[in-house]
Amino acid sequence: MKSFINRFIWLATSSVALFLVSTMLLTVVMPECAQAVSQSTRRISPTAIAAQIYEQHPDFPLENQYISSETGSEAISNTLISRIIRYHIYIKNRPTTFRLDWKLTLADYLGAFERMSSERYVDYGLQDSPLDGDVAAIERLSLAERDRLANALYESFAATDSPES
């Protein structure tokens, strides 16, 4: 029995040591991966980030005229940008730290990269699916406006990942 307990303690100690060493190596050798891991563990508020982007770019379409299925009134904080963020992170599981991934998400809305379907596009607590309106809003944006939107999304997440914040 003592042999079993000694092996168990040795195994537990080794596992903890291996975890600590691998975490240390990850942060020293591959800081980008460590940042991606830390990003996945921290809480993201699409509504707050969308509000920040709308403050900086008030000309971006809100598309917040949809009715909440819970309250029966307009879901004012449920905006196009907050739904883009949710789609990007929670449905497509794309990282927020690369500008190209944001451009791929916008390409999805244009039907140029991956097909979007109403079954996979969550209604986000709205009575009607906002997919058609969201696609139309992105299509109405010029190439330069879509580029500004992708940059604003990328920069908002880059700012939240910085050590100062």
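An α-helix has 3.6 residues a turn, so residues three or four places apart point the same way.

Before moving on, note that this is a predicted model, in which local features need pLDDT of at least 70 and side-chain atom pairs count only at pLDDT 80 or more, while totals for chains, interfaces and linings use all residues. Residues are numbered from 1 along each chain as its sequence is written, and side-chain values use heavy atoms, with hydrogens and water left out.

**The whole chain**

Zoom out and colour by secondary structure: the protein chain has seven helices and zero strands, where helices (H or I, at least four residues) and strands (E, at least two) are DSSP runs numbered from the N terminus. Of its 165 residues, 36% count as buried. The accessible surface comes to about 10300 Å², and 61% of that belongs to carbon and sulfur atoms; these areas come from the Shrake-Rupley method with a 1.4 Å probe, and for residues only the protein chains shown count as cover. If contact is taken as heavy atoms within 4.5 Å, then among contacts between residues at least 6 apart in sequence, 61% join residues at least 24 apart.

**The nonpolar core**

Next select I81, I84, I85, Y109, I138, L149 and L153, which touch the most other members of the largest nonpolar core, a set of 29 residues. Such a core consists of buried Ala, Val, Leu, Ile, Met, Phe, Trp, Tyr and Cys residues joined through side-chain atoms within 4.5 Å. The elements giving two or more residues to this core are α3, α4, α5, α6 and α7, and the largest share, seven residues, comes from α4. Centre the view on I138 and show its surroundings: not counting residues up to four places away in sequence, I138 touches L80, I84, L106, Y109, L110, R146 and L149.

**Salt bridges**

Now display the charged side chains, among which the structure holds seven salt bridges, each being a side-chain nitrogen of Lys or Arg within 4 Å of a carboxyl oxygen of Asp or Glu. Select R83 and D134, whose closest N and O atoms are 2.7 Å apart; R83 lies in helix α4 (residues 80-91) and D134 in helix α6 (residues 131-140), so this pair ties together parts that are 51 residues apart in sequence. R83 counts as buried at 0% relative accessibility, and D134 is buried with a relative accessible area of 0%.

Move to K92 and E114, a salt bridge with its closest N and O atoms 2.2 Å apart. K92 lies in the loop between α4 and α5 and E114 in the loop between α5 and α6, so the pair ties together parts 22 residues apart in sequence. K92 counts as buried at 18% relative accessibility, whereas E114, at 31%, counts as partly exposed.

D108 is in helix α5 and is buried, with a relative accessible area of 2%. Leaving aside neighbours within four places in sequence, D108 is in contact with Y87, K92, R94, F113, E114 and M116.

**The tyrosine cluster**

Finish by selecting Y87, Y109, Y121 and Y124, which ring pairs link into a cluster. The structure holds five aromatic pairs, counted for rings of Phe, Tyr and Trp (its six-membered ring) whose centres lie within 6.5 Å, with planes under 30 degrees apart called stacked, over 60 edge-to-face and the rest tilted. Y87 and Y121 form a tilted pair, 6.0 Å centre to centre with 50 degrees between the planes; Y87 lies in helix α4 and Y121 in the loop between α5 and α6, so this pair ties together parts 34 residues apart in sequence. Y121 is buried, with a relative accessible area of 2%, and the rings of Y121 and Y124 have centres 5.9 Å apart and planes at 85 degrees, so that pair is edge-to-face.

Notes: Buried < 20%, exposed > 50% of the residue type's maximum accessible area, 1.4 Å probe, protein only.
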